[in-house]
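Below are a few notes to read alongside the coordinates, in numbered points.

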Amino acid sequence: MDVPFLNLGAANDEVRADLDAAYARVSASGRYLLGPELEAFEAEFAAYCTARHCVGVGSGLDALVLALRALGVGPDDQVIVPAHTFIATWLAVSATGARPVPVEPDESTYGICPDRLADAITPRVKAVLVVHLYGHPVDLDSVRAVADRHGVPVVEDAAQAHAASYRKRRIGATGVVAFSFYPAKNLGALGDGGAVVTDDPRLADRIRLLRNYGSSRKYDHQVQGTNSRLDEFQAAVLRAKLPHLDKWTARRARVARRYTQALAGLPNLVLPLVAPWATSAWHLYVVRTRYRERLRSQLADAGVHTLVHYPIPVHRSGAYRNTEDVRRAGPLPLSERLAEEVLSLPIGPHLPDESVEVVVSAVRTIMAGLDA
Ligand SMILES: *Cc1c(COP(=O)(O)O)cnc(C)c1O
């Protein structure tokens, strides 16, 4: 039996009737941008996050860029970023003209390490951008304590963390939080989409302005904005899916629990930890082993499809390796080791129990064989 990494079609099948109604509503409405579906989705997603405001934008990357711009980040500023993340986190900083300053991860949760953050922050840093990587929240209190000492804001990249929580509060409930609705995220559109969630009405207004050519009234352009709007179609799709998010997250957690229970104690295999203050969204189930390539190829032989998040550290990518940002950062050995050792097992709300068992027994057999 083949086990795909993720079955996106299954989520759509489950909400098929609501999706069909959403298409019909939008296509008949005559409104395709900045209309009632977007407004309703923004209210519903803000309520879901228990925050006051949600501003829908064109992608998760744009959500980060516009949040940073709205906070006044620009050329000659520096912004702290995690060294170990998806490249979008760094690209968002570069897009504002500021310089990303990478900080190595905490080795148990893979999010930014607050102690290393405290060592890296300088008066030139204008903001701290953290990522709730793989769906596991970073230690926000520790991060905020450092940022507060320097009087700079924290922006959260929650592209992988819809429905996660930190100390019993939803990610998005506090702060300035960027989400992505890329199809493979835990809440995914049928195309690109993103949002910024915040309690701050002035910041929300500023992002609304920036996403729509710097204009709140037609042809009155107050700032040099951009075009980055979550369209009516995607907003309607997201509205159809949002009521299922808690159930889908619970199913992910069930898969994760089974993996953790069945794979515990295998030599040379490090399983993901959940900090006592965290509820993970389980966007990914990431294991670590120095035999990553052998495990990955033997799993593929057994029909189990895995992915690596991410195989090339951002500072080694063609986009950044020859930049001043990376020269200044110096060596980032932890991120390099993670890039060699991490492996994401199949996980998703529609992964059948039988498939989970196929993965479990394949991993157990392969790891036992490696040890011999
Ligand atoms: C997916 C992702 C993004 C970017 O989202 P897009 O909607 O693809 O632009 C940013 N950060 C992280 C951590 C992501 O996983």
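This is a predicted model: local features need pLDDT of at least 70, side-chain atom pairs count only at pLDDT 80 or more; totals for chains, interfaces and linings use all residues.

1. What the side chain of Glu104 does have is a polar contact with the side chain of Ser335, at 2.6 Å. Leaving aside residues up to four places away in sequence, Glu104 touches Ala83, Ile112, Cys113, Arg116, Leu332, Pro333, Leu334 and Ser335.

2. Do look at Pro82 too, in strand 2 (residues 78-82). Its relative accessible area is 3%, so Pro82 counts as buried. Beyond four places in sequence, the residues in contact with Pro82 are Thr89, Trp90, Val103, Ile112, Leu129 and Val131. Pro82 and Cys113 are 31 residues apart in sequence, with 8.4 Å between their C-alpha atoms.

3. On to the ligand, which has 13 residues around it; the closest are Gly60, Leu61, Asp157, Ser180 and Lys185. Ligand oxygen is found 2.7 Å from a side-chain N or O atom of Lys185, 2.8 Å from a side-chain N or O atom of Gln160 and 2.8 Å from a polar backbone atom of Leu61. The ligand taken alone exposes 380 Å², and the protein buries 92% of that.

4. How many salt bridges does the structure hold? The count is 23. One of them joins the side chains of Glu14 and Arg251, at 3.6 Å from N to O. This pair links distant parts of the chain, with Glu14 in helix 1 (residues 8-14) and Arg251 in helix 10 (residues 245-263), 237 residues apart. Glu14 is partly exposed at 30%, and Arg251 is partly exposed at 28%.

5. Arg239 and Glu44 also form a salt bridge, with their closest N and O atoms 2.9 Å apart. Here helix 9 (residues 232-241), which holds Arg239, is linked to helix 3 (residues 36-49), which holds Glu44, across 195 residues.

6. Finally, Arg254 pairs with Asp353 in a salt bridge whose closest N and O atoms are 3.0 Å apart. Arg254 sits in helix 10 and Asp353 in helix 14 (residues 353-371), 99 residues apart. As for networks, salt bridges with shared partners join Arg25, Glu37, Glu44 and Arg239 into one.

Methods. Residues are numbered from 1 along each chain as its sequence is written. Side-chain values use heavy atoms; hydrogens and water are left out. A polar contact is a pair of N or O atoms within 3.5 Å; within protein, one must be able to donate a hydrogen and the other to accept it, and residues adjacent in sequence count only if both atoms are side-chain atoms. Contact means heavy atoms within 4.5 Å. A residue is near a molecule or strand if one of its heavy atoms lies within 4 Å of it. Accessible areas come from the Shrake-Rupley method with a 1.4 Å probe; for residues, only the protein chains shown count as cover. Helices (H or I, at least four residues) and strands (E, at least two) are DSSP runs, numbered from the N terminus. Buried means under 20% relative accessible area, exposed over 50%, partly exposed in between (1.4 Å probe, protein chains only). A salt bridge is a side-chain nitrogen of Lys or Arg within 4 Å of a carboxyl oxygen of Asp or Glu.
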